[in-house]
Amino acid sequence: ILSGAIAILYSLYFFSNPDRPFTYNEVNIQRVMTILVTVAVIVALVGKLKKRNAEQIGEMARIGDHFLKILSGMDVQLLVTDPRTDHILFANHKMNRSYGVDYDPTGLPCWQVYYGLTQRCEFCPMGKLYDNPDQPIEWEWYSERTKRWFYNRESMIEWTDGRMVHL
């Protein structure tokens with residue numbers, strides 16, 4: 001609205017008679033009226049687009065929340081990490097319970113949270129995923145920490161914010 005008001009004031013001054021500011025001849029009054037109508041329409045359209053954009057952002061947030069609730073409730077261990085930093089973006093309840101994690105590990109390195117290590121696990125498949133991000137990796141592994149065998153399927157997926165992440 002402010003930029004529209006500035007445009008109108010500038011037009012009112014620019015198209016006025018040189019010797020008498022804010023007075024107009026017939027041609028310039030038509031120009032000013034055209035600008036007034038155009039600015040009003042643009043301001044109305046921008047307002048409507050901003051409102052629609054805010055509604056869509058809200059809807060996307062609700063969809064993202066539902067998506068994460070679905071993942072949280074699944075009866076499989078799910079872990080999503082940033083492939084560059086290994087920081088946890090999402091870990092469902094079953095994953096955390098299986099490793100005795102009773103806090104939100106989001107933002108921490110997966111190898112620190114789940115294995116107590118100071119660097120990436122030696123068995124981590126990220127190197128293979130980097131080489132061929134479109135090819136999921138399937139493997140079995142015995143965890144000394146949980147004393148259980150695991151069947152793992154790891155891949156790169158597009159996350160809710162559009163970046164590629166490790167699942």
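## Pockets

On a 1 Å grid over the protein atoms alone, a pocket is an open set of points where a 1.4 Å probe fits, with protein on both sides within 12 Å along at least five of seven lines, and its lining residues have an atom within 4 Å of a point. This is a predicted model, in which local features need pLDDT of at least 70 and side-chain atom pairs count only at pLDDT 80 or more, while totals for chains, interfaces and linings use all residues. Residues are numbered from 1 along each chain as its sequence is written, and side-chain values use heavy atoms, with hydrogens and water left out.

Helices α3 (93–98) and α4 (110–115) and strands β3 (137–143) and β4 (148–154) each supply at least two lining residues, with β4 giving the largest share, seven residues. By class, this lining has 17 nonpolar, four polar and four charged residues, where Ala, Val, Leu, Ile, Met, Phe, Trp, Tyr, Cys and Pro count as nonpolar, Asp, Glu, Lys and Arg as charged, and the others, Gly among them, as polar.

The second largest pocket holds about 200 Å³ of space, and of the 14 residues lining it, L89, F90, A91, D104 and T106 are the closest to its centre. Two or more of its lining residues come from each of α2, β2 and α3. The lining of this second largest pocket has six nonpolar, seven polar and one charged residues.

## Helix packing

Helices (DSSP runs of H or I, at least four residues) and strands (runs of E, at least two) are numbered from the N terminus. The axes of α1 (residues 2–14) and α2 (residues 26–73) come within 10 Å and cross at roughly 175 degrees, so α1 and α2 are roughly antiparallel to each other, a term for angles over 145 degrees.

On the α1 side the contact (heavy atoms within 4.5 Å) is made by G4, A7, I8, S11 and L12, and on the α2 side by V32, I35, L36, V39 and V43. By class, eight nonpolar and two polar residues take part in this contact, and no charged ones.

## Strand pairs

Strands pair if DSSP finds at least two bridges between them. Strands β1 (residues 79–81) and β2 (residues 88–91) run antiparallel and are joined by three bridges, with T81 standing opposite I88 of β2. Six residues separate the two strands in their hairpin, where D86 in the turn has a positive phi of about 65 degrees.

Strands β3 and β4 pair in the antiparallel sense over seven bridges, and Y142 stands opposite W149 of β4. Their hairpin has four residues between the strands, and K147 takes a positive phi near 60 degrees.

How values were computed. Axes fitted to C-alpha atoms, helices over the stretch in contact; angles between N-to-C directions. Parallel < 35°, antiparallel > 145°, perpendicular 65-115°, else oblique. Points joined across faces, edges and corners; volume = space filled by probe spheres on them.
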